[in-house]
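Here are some friendly notes to read alongside the structure. Take the points in order, and look for each element as you go.

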Number of protein chains: 2
Amino acid sequence: MKAPLGFAFSATYAGIRQAQKDDLALIVSALPANAAGVFTQNRVQAAPVKLSRRHLKLSRGLVGAVVINAGNANCATRTGDRVAALTCQTAGKLLRLPPYQVLPASTGVIGVELDAARIIDSLPRLIEGLNPSRLEDAANAILTTDLVPKTAHAEVHLRRGVARVAGFTKGSGMIHPQMATTLGFVMTDAHIPLPSLRTMLKRGVERSYNRISVDGDTSTNDTLLLLANGASGVRPDPKEMPKMEAAIAQVMETLAQAIARDGEGASKFITILVAGAPSDAAAASLARAIANSPLVKTAVAGADANWGRILSAAGNAGVAFDPSKADVFMQGVAVCRGGLAAPFDEPALKAALGSRECEIRLALRGKGKGAARFWTCDLTEEYIRINASYRT
Amino acid sequence: MKAPLGFAFSATYAGIRQAQKDDLALIVSALPANAAGVFTQNRVQAAPVKLSRRHLKLSRGLVGAVVINAGNANCATRTGDRVAALTCQTAGKLLRLPPYQVLPASTGVIGVELDAARIIDSLPRLIEGLNPSRLEDAANAILTTDLVPKTAHAEVHLRRGVARVAGFTKGSGMIHPQMATTLGFVMTDAHIPLPSLRTMLKRGVERSYNRISVDGDTSTNDTLLLLANGASGVRPDPKEMPKMEAAIAQVMETLAQAIARDGEGASKFITILVAGAPSDAAAASLARAIANSPLVKTAVAGADANWGRILSAAGNAGVAFDPSKADVFMQGVAVCRGGLAAPFDEPALKAALGSRECEIRLALRGKGKGAARFWTCDLTEEYIRINASYRT
């Protein structure tokens, strides 16, 4: 599938990380795009997050370029603010954009000074490499402990033509669903007014990035940007807005799922479904509590139908429910009915849980209609190996 | 050190767990003891928790015996309520106590029916084995994945004589500090009126069991009981109450620390100190967030001075603080000053972090005087191995 019109991408190795692997990426929109962003809610915020917020305000939501580096979070660094500002100034100069139409984003280790020269010196080469076909290269350059690049595409057929949506993202650790988690970039060539774009981002995040969890940690650098440059000339009419929004949300959902699927050390992708809760928010809390339980995640890793841990995790969600009306299903098999053990074929379910895709469903037989979907991964010894030695 | 007067203990193998290791324990007080209890706040509560609450109410806080089994949580079971009730009835009959002066407690797997006969048939043998010197045996019988028994003792020298305090506890997984965590039993032969006893338990829990974390999961069975039978004849006068309370709190703190020290798969015991927070509660939230971060816990496992993860975890605590006034110390070495990297001898600190005892200190240089101590353990591959196959 083609990238949205009017966007170009580039990637290069700037020497920020030791491994000889692209670590600097660039997104450029031929005409400044309407942009909406959500950022980490961590009290400790990286310099690029603070600057991106400021630039979005200064530019009134117009973005011409995004410069992303991997290998260094540029967080809790003495020179952080200056490095981020210098990056935007230099990129702006080279691209003939006001600096505030350039957004920086960083991911990697915290507390190590980021050498501005590595970025500054690489920018001309990076810009030279710009090409509409290089979205995959950019997607690769922003990865850290990720094993696979994460991209998603959609086409929206509207009355006045076709609009395209594409996105890429990164992240496999320090992932917690309290906001736009990790780095994500979603672009469309449709023309979408800023207020609509902001609403679409907000609602889309709620059912995608806010519905995944790897380890319950929230990064200092989380950033999700939605850019709409109108380069297709297609302007959805008011009736078509829901269709447009659905395509954008679908791309965000695919990207978010890809993060959970590639969770650090993950051997299994887990979908958690909750139904019958007092509200959608309550359902999400229940699903989140199950997704964040290390005991549930290790049980799935061991293909163990340990539904007691699922029920217990739900009990810790801070949501009132009657355990005696709770059913639990794993891989579609009822393992708990009314809060009690349901008879099931243990060897068969163990085999089914050996799959790389695992589904946990909690059905509350109450009056509520609240439902939620949530995605996570299992917790394996590999997660420990990766994180016991990430920095050094 | 001797056990408090007027208490006797026993343990036996009732065949509840497969491993041929004592799984049934009994505490008996010669004269009914004033008793205060705190229990899990999980929405899903085991039958023995529900019955213990009821019995404490019915008996107006008088307890003659506690029957504890390991190997089965008696939670989410069809016959759970009946099994717990039958246990208390039978034990009460044999011990000549009203059934409501007997409290049950269970720990182990959730959702598997507990065969009442195993307990009932073992009770005469268990009672026959009662002896004031067998506290250690009881402490051993209640263990599940614990590697070591956990006991603590204290003597309080008061004007009218010596009062003794002793306790034992269990737990190494599904540990989260939202309440009395896991099973714990603290006994004293001092005479302490019920209202004072309840206050002492509440305040003691706040600085002991509510200050530990292994994996952030809260069990369905958590129970902590404080029994005071007055058998020493020592009645602390009002001025001596703080001394009495301090001894009880110290025993609870030692027991709680022993749980964190024996956390599933733990290779290191971590003490987290926070100072300079807006309030003690805020300090506790910050300490808890650091303790619960899998990224911090894996870094410690890897002897990695990854202070960025500590700062980031604190930033997620929901407590307002200025990162630029935050200092972080590991093993007493400043690794972060004012939110920025502090120069330190990396190989020396790595060696120091190889110790089995690790200290993390977060000092906020604000106006606040809030402080907290918190205990946890590192997160290792062994935790995964234990929990990926616990049930089957």
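1. Start with helices H2(B) and H3(B) of this predicted model: H2(B) passes H3(B) in a right-handed crossing. A crossing gets that name if the near helix is turned clockwise from the far one by less than a right angle, and it is left-handed if anticlockwise. Helix H2 covers residues 80-95 of chain B and helix H3 residues 116-128; their axes come within 10 Å and cross at roughly 20°. That makes H2(B) roughly parallel to H3(B). Angles under 35 degrees count as roughly parallel, over 145 as roughly antiparallel, 65 to 115 as roughly perpendicular and the rest as oblique.

2. Helices (H or I, at least four residues) and strands (E, at least two) are DSSP runs, numbered from the N terminus. Axes are lines fitted to C-alpha atoms, for helices over the stretch in contact, with angles from 0 to 180 degrees between N-to-C directions. Residues are numbered from 1 along each chain as its sequence is written, while chains are lettered from A and ligands numbered from 1 in the order in which they are written. As this is a predicted model, local features need pLDDT of at least 70 and side-chain atom pairs count only at pLDDT 80 or more, whereas totals for chains, interfaces and linings use all residues.

3. Which residues does chain A use where H2(A) meets H3(A)? From H2(A) come A:Val83, A:Leu86, A:Thr87, A:Thr90, A:Ala91, A:Leu94 and A:Leu95, and they meet A:Ala116, A:Ile119, A:Ile120, A:Leu123, A:Pro124 and A:Ile127 in H3(A). Residues are in contact if their C-beta atoms, placed from the backbone, lie within 7 Å. This contact has 11 nonpolar, two polar and no charged residues. Ala, Val, Leu, Ile, Met, Phe, Trp, Tyr, Cys and Pro count as nonpolar, Asp, Glu, Lys and Arg as charged, and the others, Gly among them, as polar.

4. Now compare another pair in chain A. The axes of helix H5 (residues 194-206) and helix H6 (residues 241-261) of chain A come within 9 Å and cross at roughly 45°. That makes H5(A) oblique to H6(A). Here A:Ser196, A:Met200, A:Gly204 and A:Val205 in H5(A) meet A:Met241, A:Glu245, A:Ile248, A:Ala249 and A:Met252 in H6(A). By class, there are six nonpolar, two polar and one charged.

5. Next, look at where the chains touch: 51 residues of chain A are in contact with 51 residues of chain B. On the side of chain A that touches chain B, H9(A) gives the most, with six residues. That side has 23 nonpolar, 20 polar and eight charged residues. The copies meet through the same surface, because 100% of the interface residues of chain A are also interface residues in chain B.

6. How are the chains related?

7. Finally, check the confidence. Over residues 176-181 of chain A, however, the pLDDT is below 50. Where pLDDT is low, the predicted coordinates should not be read in detail.

How values were computed. Contact = placed C-beta atoms within 7 Å. pLDDT = per-residue confidence, 0-100.
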